[in-house]
Every structure is written in C-alpha cells, then in structure tokens.
Amino acid sequence: MNELKIVQPLVITGGFDEIKAKVEERVNMALNLAVSIDNIKDVKKYKAELNKELKALEDERKRVKAEALKPYNEWEQKYKECVSIPYKEAEQKLKEQVNEIENLKKEKITNEVKDFFNGYLLTKNEEVQKLAKFEDMNLKILLSINIKKLKETCTTYIDNIESDISIINHQQYADEIMYEYSQNHNVAFAIQNVVARHNVIDKPKETPKKVEPKVEAK
C-alpha cells in the first residue's frame, strides 16, 4: 500500500513580533489606567476599543484556520471514501456474519441443554414438574461454556426443588408455604413468612383484667 504523506508542509506567517508589540502597548495602557468617577466614560470607551480590536484579530485567526484546514478537510474526505469507509463496511459485514454463526451455535447449545432439562424433569413427580422452569435458571450461554456443566446445573436445580418440596410437605402450613415458595423458590424464606404470619393471626387475645372497685374504709 502507498504511504500517506504530506507533499508540501503548511506554512502560516503572522508577523507576530509586530503584533505582539502593539498588543503589549495597548494592554499595558489599559492596566495602567487609573479608573475614577471622572474618567469612567473614557475607560469604558477604551475597553470597547480593546474588545473591537480583539474581535478583529479573532475573526482573522478563524479565517486563517479555515483556510489552513481546507486542504486537510478535502484530503480527509478522500481518505474516508477510499480507506476508512470501505474498511468499516467490510468489518461490519464480517461482524454480522460472525454474530449470526455464533448465535446459531448458542441456540444449538441452549436447545441441547433444554432438551436434557425437560428429559430429566420427566423423571420427577408432578409437583416438581410444575415448579421447575428452565427459564428461571437464567443460564448464560457462552461459546466457550462446558455443556456438561450446564447439564449438571440443570440436575442440581431440579433436585433442589424436589428437596425443598419434601421439606415443605412436612411443615404444618404446607399449602401456604408451597404458595410462598412458588413465588420466590426460597424455602427458608417461605417457611419464615408463613410461620410469622400465623404467629400474629393465631396469637390469643389477652382478656382484660377485671378491675375491682376500691372500698373506702369507714
């Protein structure tokens, strides 16, 4: 490939020695002004003159900058058309194709693991089948992932639900706990909530003590 290079360097002249002397003269004069009530109008006028002079120089600077950048901007546009845009379009196309292939592979892995999940779930009772959901595991499927470990995660998840159900079925308020568990899949939390609720509901109300009237001694 041809090397990108500058054929003729940009040279900008400014006569800065002369400009600097004039600027210093005007600035020093401003800094040495003794502002008072009597000369405030003259000071404001001088300030306005300084602003006007600066604006004129700033306008010239912007014009020079625009002229200096013009060849670069034209060169950059050609560069984009011939180099960066074609490269980026090719990179984007390849990226889309790679993503498509990788997504197909991830989908294949997901389907394989899901089929295993459903097959293992069929070996369990109806209660487990009702509560265990593949989506609830929120498996993160990566191309580098070990499918065997994903399957182990599925069996562990299903076995844990089976164990939790067994614990719940031996509790006093099994139906209520089962409902709580179905909402959060946290057996300890479900039991704690239901027991705490019943401690409040089933707590016997205290009978008010009978107050005996005081008998005054005669």
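This is a predicted model: local features need pLDDT of at least 70, side-chain atom pairs count only at pLDDT 80 or more; totals for chains, interfaces and linings use all residues.
1. Shape of helix α2. Helix α2 covers residues 40-121. A straight helix of 82 residues would span 122 Å, yet the end C-alpha atoms of α2 are only 92 Å apart. A bend of about 50° is found in α2 at K80.

2. Burial along α2. The buried residues of this helix are V43, Y46, A68, S84, I109, V113, F117 and L121. Their cover includes α1 (16-31), α3 (126-131) and α4 (147-169).

3. The nonpolar core. The largest nonpolar core is made of 25 residues. F117, A132, Y157, I158, I161, I177 and Y181 have the most contacts inside this core. At least two of its residues come from each of α2, α3, α4, α5 (174-184) and α6 (187-201). Helix α4 provides the largest share, namely seven residues. As general background, nonpolar side chains in soluble globular proteins tend to be buried together.

4. Surroundings of Y157. Y157 is among the core residues with the most contacts. When neighbours within four places in sequence are set aside, Y157 is in contact with F117, L131, A132, K133, D136, M137 and H185. Two of these partners, F117 and A132, are likewise listed among the core residues with the most contacts.

5. Aromatic pairs. The count of aromatic pairs comes to five. The rings of F116 and Y120 have centres 6.4 Å apart and planes at 5°, so this pair is stacked. F116 and Y120 both belong to helix α2, where they are four residues apart and thus separated by about one helical turn. In general, an α-helix has 3.6 residues a turn, so residues three or four places apart point the same way. F116 counts as partly exposed because its relative accessibility is 29%; Y120, at 23%, also counts as partly exposed. Elsewhere, ring pairs join Y72, W75 and Y79 into a cluster.

6. N138. This residue is not a glycine, although its phi is positive, at about 50°. N138 is located in the loop between α3 and α4. With a relative accessibility of 64%, N138 counts as exposed.

7. H185. A positive phi, near 55°, is also found at H185, a residue other than glycine. H185 lies in the loop between α5 and α6, and its relative accessible area of 24% makes it partly exposed. As stated in the point on Y157, H185 is one of the contacts of that residue.

Notes
Residues are numbered from 1 along each chain as its sequence is written. Side-chain values use heavy atoms; hydrogens and water are left out. The expected span of a helix is 1.5 Å times one less than its number of residues. The bend at a residue is the angle between axes fitted to the seven residues ending there and the seven starting there. Buried means under 20% relative accessible area, exposed over 50%, partly exposed in between (1.4 Å probe, protein chains only). Contact means heavy atoms within 4.5 Å. A nonpolar core is a set of buried Ala, Val, Leu, Ile, Met, Phe, Trp, Tyr and Cys residues joined through side-chain atoms within 4.5 Å. Rings of Phe, Tyr and Trp (its six-membered ring) pair if their centres lie within 6.5 Å; planes under 30 degrees apart count as stacked, over 60 as edge-to-face and the rest as tilted.
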